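My notes follow in the order I checked things.

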Amino acid sequence: MVRRQLCDALTFAGAGFDFPWNDIRSEAESLAILYNFSPFQDTGSTVASKRLRVFSESFDVIACSFLQHKKQDPTVEAISRPYVVSKEFLPLTPSWASWPSFRAFAERAAAVAGERMRAKADYRRLYTRAMWAPSLYAGARVKFMQPDLPWTAEFSDPLSLDVEGAPRGGKLPRDAFTAPLIDSWEREFGPLDELDLTIFRFAELLAYAFADELIFTNKHQRIVMLESIHSPRLRERVASITTVSHHPTLDPGFYELERVDYSLDDDHVHLGYFGEFYTARGITEITGALRSLPESVRSRTRLHVFTNYIPESAGGVKPASFSRSQFDLLVQRTLDGVGVGGVEELVAFNSSLPYLKFLAATQKLDCLIVTDAQSGTGHSVNPYLPSKWSDYLGSAARVWGLVEEESVLSTMDLDVRTPIGDKHAARAAIWTMVDEKFGPTTISPLAIGDATRGQSL
């Protein structure tokens, strides 16, 4: 704690990017194997950076190079630089779900880790995080090489289940890499069935069986992942070594490190959405609410969307590696996720910002929108807690959650909460925000909601 406070103080004093951390940082105490890590832009790499800050230990980091595959974001480096002694990026082709790529990384990362452990055999811990899954295979391989090295494995979401709760992941081959791991697992916990031998599921099972500590990011994730374990003995082991820890929230000082030239007037309620759009995640209830509001209320509202793929007319740029059809499809996904039709004049599209600039931008807005992933009927409970919640929690802005009933997000200290898909509740929320900022209108938003409930928007 003292070390983190000191490092934060130096960072906030303006020395974060230029301070000679190498001159004062201790030698590496721990080892982290993180398939994706800063400066490559990815939610997983950002959360891992924040987790290293929470540990407040000096780390050697082994990662995969994402050159030509992901944008770089140097601002994230300010979070973990005080704690990272060395980073080695392996020059491999990254993949979300390819066993040859998984194996190549795990073997190379374990070999590099072996070299480091021979030079320094007293690491305090081995830390891996999934997303992405290859980190877990590398972690298991290192744990077999060095059984006395405590292994902390973190999960962001259930790896082997998709958002609907259905199994995912290709078949895991029995090869020179996997055979010893499978044999060791089965000696401890009995035969594996066909559904266990997929590239995502077996990654989970390895961590369950051989890690010394498991970090789940919310209590519902823990429930869902424990439910999927068939062996009572393994389930008992996992329950006994689990810590539930939400994605870390940074100190407010990090929200002031960067400046953002994004001017907002005082004549509107400014709502902000940061992030991508998926089948299970959009904000069409908000734009539907805007379309249904009286002009006097609607005209006082602006929605600011920051996301990767925006129309070229709004400043979007097609990546050189994308075909025209690929780019247009992703832009259309954004437009569909927003539901912009009919309220174009109320919506401002912006390209995604580097992480610390994103934190700074949140401070300018009146209210930030975070939405649950719609989890489907395949999960007993919604196992997801959006990582954006941890970012918004440290901001001075209010937070509006679009929530599933009894989700983890619905239990958080939100300033505004409305059900996912409920345009009437969203309309009442927006009207109330306008009234709070500019004075009450003559007609109650709740009365309008009651009068029009059930009508087509």
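I began with strand β2 (residues 59-64), which runs parallel to β3 and is joined to it by 6 bridges. I looked up Ala63 and found that its bridge partner in β3 is Phe89. I note that the model is a predicted one.

Next I traced the whole sheet. It is open and has 7 strands in the order β3-β2-β1-β4-β5-β6-β7, with parallel pairing. At the edges I found β3 (84-90) and β7 (242-244). Each of the two has a single partner strand, so one side of each has no neighbour in the sheet.

Helix α6 (residues 134-145) does, and it touches β1 (30-34), β4 (126-130) and β5 (151-155). The direction of α6 makes about 155° with that of β4.

I turned to the cores. The largest nonpolar core has 61 residues, and Tyr137, Phe202 and Tyr208 touch the most other members. Helix α5 (residues 99-119) gives the most to this core, with 9 residues. A second, separate core has 30 residues, including Tyr273, Trp400, Ala426 and Trp431.

I listed the contacts of Tyr208, leaving out residues up to four places away in sequence. Among them are Phe155, Leu214, Phe216, Met225 and Arg237.

Last, I looked at cysteines. How many disulfides does a search of the whole structure find? It finds 0. Cys7 is buried, with a relative accessible area of 7%, and Cys64 is buried at 0%.

Methods: Residues numbered from 1 in each chain as written. Predicted model: local features only at pLDDT ≥ 70, side-chain atom pairs only at ≥ 80, totals over all residues. Heavy atoms only, no water. Core = buried A, V, L, I, M, F, W, Y, C linked by side-chain atoms within 4.5 Å. Buried < 20%, exposed > 50% of the residue type's maximum accessible area, 1.4 Å probe, protein only. Helix = DSSP H or I, 4+ residues; strand = E, 2+ residues; numbered from the N terminus. Contact = heavy atoms within 4.5 Å. Disulfide = S-S within 2.5 Å. Pairing = 2+ DSSP bridges. Axes fitted to C-alpha atoms, helices over the stretch in contact; angles between N-to-C directions.
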